[in-house]
Amino acid sequence: MSRATQRGLLGAVLLLGSWEALARGLALPAYTLPAISDIILATWQHRSLLASAGWYTLAEALLGYAIGCTAGITLATLLILLPPARRVVMPAMLAINAVPVAAWSPLVLLWLGIGMASKVAMVALAVGFTIFLSALAGFDRQDRRAADLLRSFGAGPIALLFRLRLPAALPLIAAGMRVATVRSLIVAIVTEMLGAQGGLGWIIYQAVVQIDFVQVWSAILVASVLSLSFFGLITWLEQRIIFWR
Amino acid sequence: MMQLRALLRGVVGLLLAALLWEGAVLALHIRPEYLPRLSTILAAMAATPGAYWDGFLRTLAETLLGFAAGGFVGVLNGVIFLRLPALRDMLFPIFIVSQTIPVIAFGALVVLWFGNTLLAKAVIAFYLTFFPVTVNTLLGLNAVDPRQVALLRSFGAGPGTILRRLQLPAALPQIFVALRLAASLSLVGAIVGEWFGDTIGLGVLLLQAMYNENVVSLWAAILCAAVLGTGFYAVVAYAERRIVFWGAEQ
Amino acid sequence: MQRRSLLAGFGAALASPALHAQTLTRASLRLKWLPQAQFAGFYLAKAKAKGYYAAEGIDLTINPGGPNLLTENLVATGADTFGLSGGTDSVFAARDKGLPIICVGVAHQVTPFFFVTRADGPIKTLADFRGKNLTAWFTGANYVLLGMLAQAGLRAGDFNLQPQQVSVTPFIEGQTDVVTATKYNEFYTLVSRMGRDKLRTFVAEDYGITFPRDTLIVGEAIAKEKPELVKGFLRASMKGWREALAEPKLGVDTVMGIAPTLNREHQEFMLTEIGKLMLAGKAAREGLFWIDQDAIKSAHDFLLRYEVIKQPINLATAYDRSFLDAIALADRRA
């Protein structure tokens, strides 16, 4: 075990330890800050409920993520291939992006209802923009000399794209995709808390209303684990695919 | 002259977009429940300008406070972690995990602890911004050419001097990348924070409009948020261009 | 971690009547939802032109509620002094969980919501709910619905009950068969978009179920240490409500001043309906915020029967009518 990992574990242990000590020592009521041991116990007790809610939210996040990534990369590619389109579309894109993601939630909920569709749409929006901007930045970072060289060999814009720009942009796209994993779950949960039929955000909302704060923290714990797992999965996939990093 | 032309282009672009909006709604018979006419929205704002203006200012204040705190603490963290790698190893994983917790989930607790104040919203905004700034500061500081550090040290420069004169300036481009991101994130934090029983703010207007099914008011609040977001981002980007004049990394 | 109430330092000063005018006690009221005419009386009592709370020696801040806040929690931790909370159901839940709050007044004397279907649709009686799509808020209204349906012989599984959405549009567009509506809020939207004659309503009281809501709560400690504060708050609130109900235009104007983006007609409708709810039952005789022990017991037994509450709750301590009794009848009546 490396030094860094050891210290990381030490940090975690210290944090959890002081949390438990604070909660028990000050005899804090559950509605202020429950003890971490209570939270873990409750999570285990309600594991089936939390698991199904977790799958529900994860499904929304994954679907939105997939749609967002595809749309973001496709749009960035189109704008690179058609520079005039870029000048027209970019201002609109920046305008939509200027509105904080959270501000779109009420509108999307009114449009698409409280089923999964609204959550998928919100995640796709948030992820799509992150990926779109990363991809655009990646494509812009081209090596002029390499591009000129390929062009001197008669390569057209499409060939240039696939052989030079796309591979060069991959690191930035990959970075964007990693950041977007965590965002996707958070956006799904935030939207669920405004109106949903299931999912972790829904559990949190119900728990607050039923004055069950241990349940709130249990749901947060599950959400955290899912986020980290998703993040880990994408990072692992990227290391396999982008082998020259 | 260049800036004036760019400004004019921007204004013309906005006007065209406005006309397109109005035209599309009329021509395509879009129902007002989905997308009202821009003129209707602007009229609604003009009918009760106080609410939108006060909301704009309040949200701006929360955003600025959270941004400033998050930016300052983020840079501080980066510097501390550079000097004390042991601390970085201990705290970084915790920070990462903290960022996976949807802050809205313990927003109720934030209100309990900090009350219904500007501070509570600023705390949420701070929470969203400090981590990206920390990460990028560390990235920037670590990217400094070690040979330059060694050179300065050979001239007898202490760690404080090296930090001030070499490392921080060299890290600035990367720090600003994070600050531009933080500009949008602190606004999100402020808006979400206002959903916990606040009285004034753009987030409050959004929530009221949603629960009253007032789509016109909802779009009005969205427009105000867009103006705030774009304006703040532009200010930070401008500061970046002036301060980091040797070229910003994307 | 606990936020101590701001009243801590003012205890001694309250004792001297001569100091009432100079030292106002800081207190806050947390509402159960976003600002609207449902709370007109409180806003009016606080308004600068009226200053009823100030006259009672209270410097009151009114904090709105919202979808993510629980009033009982905020009052229990001292973040707010008073609260206008969900209803008898949320007070029971809070006491069940050991939160140190008590109810000192009930605003809505009867169930403020009902279940709405299309008048020309296939649903004529409760039995017709079988197999249909129902929506209700899962914060209390769902139990009332389940209780009513149980009387018609329907149990879980005989129908499709979903949490209700923010908007009543799905019902209007025919996606759901039964929608839950408060008499003063969602019902306005339904009436204005569909017409009153197109709607059929199912009222809980018709089936022997009553669910009083909008309960005024305060922390146990405050109630014990500062009874004058509680009485003063109640008296001033009653005064504000008396005036808001007598002069609806003033009431609505005050609310529109707080939240200018509200729809005026909607708020006027709301205030009229709220007045009916607040003066229903015993409140007509005994005054505003009256605690009808029979109604409370009925709601309690109902929730106990459906195992929403796990064990019986001491109603005498949870619902303290001593503060109301201490106020003169003339000051309580609307």
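Reader: How far apart are the C-alpha centres of domain 1 of chain C and domain 2 of chain C?
Author: They lie 28 Å apart. This is a predicted model, where local features need pLDDT of at least 70, side-chain atom pairs count only at pLDDT 80 or more, and totals for chains, interfaces and linings use all residues. Residues are numbered from 1 along each chain as its sequence is written, chains are lettered from A and ligands numbered from 1 in the order in which they are written, and side-chain values use heavy atoms, with hydrogens and water left out.

Reader: Where are the bounds of domain 1 and domain 2 in chain C?
Author: Domain 1 covers 6-110 + 211-332, and domain 2 covers 113-207. Such bounds come from an automatic or database domain assignment.

Reader: How many residues are in contact between domain 1 of chain C and domain 2 of chain C?
Author: 19 residues of domain 1 touch 14 residues of domain 2. Contact means heavy atoms within 4.5 Å.

Reader: And what area is buried between those two domains of chain C?
Author: About 1,500 Å², with carbon and sulfur atoms giving 67%. That is the accessible area (1.4 Å probe) that two parts lose on being put together, summed over both. On the domain 1 side, C:Phe211, C:His266 and C:Phe269 lose the most area to domain 2, together 32% of what that side buries.

Reader: Which helix gives the largest share of the side of domain 1 of chain C that touches domain 2?
Author: α12(C), with seven residues. Helices are DSSP runs (H or I, at least four residues), numbered from the N terminus.

Reader: Switching to chain A and chain B. How many residues are in contact?
Author: 40 residues of chain A meet 40 of chain B. The area buried there is about 3,400 Å², and carbon and sulfur atoms give 80% of it.

Reader: Which residues form a salt bridge there?
Author: B:Asp89 and A:Arg7, at 2.6 Å from N to O. The count between chain A and chain B is one.

Reader: Which helix gives the most to the side of chain A that touches chain B?
Author: α5(A), with ten residues. By class, that side of chain A divides into 32 nonpolar, six polar and two charged residues. Ala, Val, Leu, Ile, Met, Phe, Trp, Tyr, Cys and Pro count as nonpolar, Asp, Glu, Lys and Arg as charged, and the others, Gly among them, as polar.

Reader: Now chain B against chain C. What area do they bury?
Author: About 2,200 Å², 60% of it on carbon and sulfur atoms. B:Leu112, B:Tyr211 and B:Glu213 lose the most area on the chain B side, together 30% of what that side buries. In contact are 25 residues of chain B and 29 of chain C.

Reader: What does B:Glu213 form a salt bridge with?
Author: With C:Arg193, the closest N and O atoms being 3.7 Å apart. The rule finds one salt bridge across the interface of chain B and chain C.

Reader: Which helices of chain B each supply at least two residues to the side touching chain C?
Author: α3 (49-83), α5 (107-114) and α9 (202-211). That side of chain B has 13 nonpolar, nine polar and three charged residues.

Note on methods
A salt bridge is a side-chain nitrogen of Lys or Arg within 4 Å of a carboxyl oxygen of Asp or Glu.
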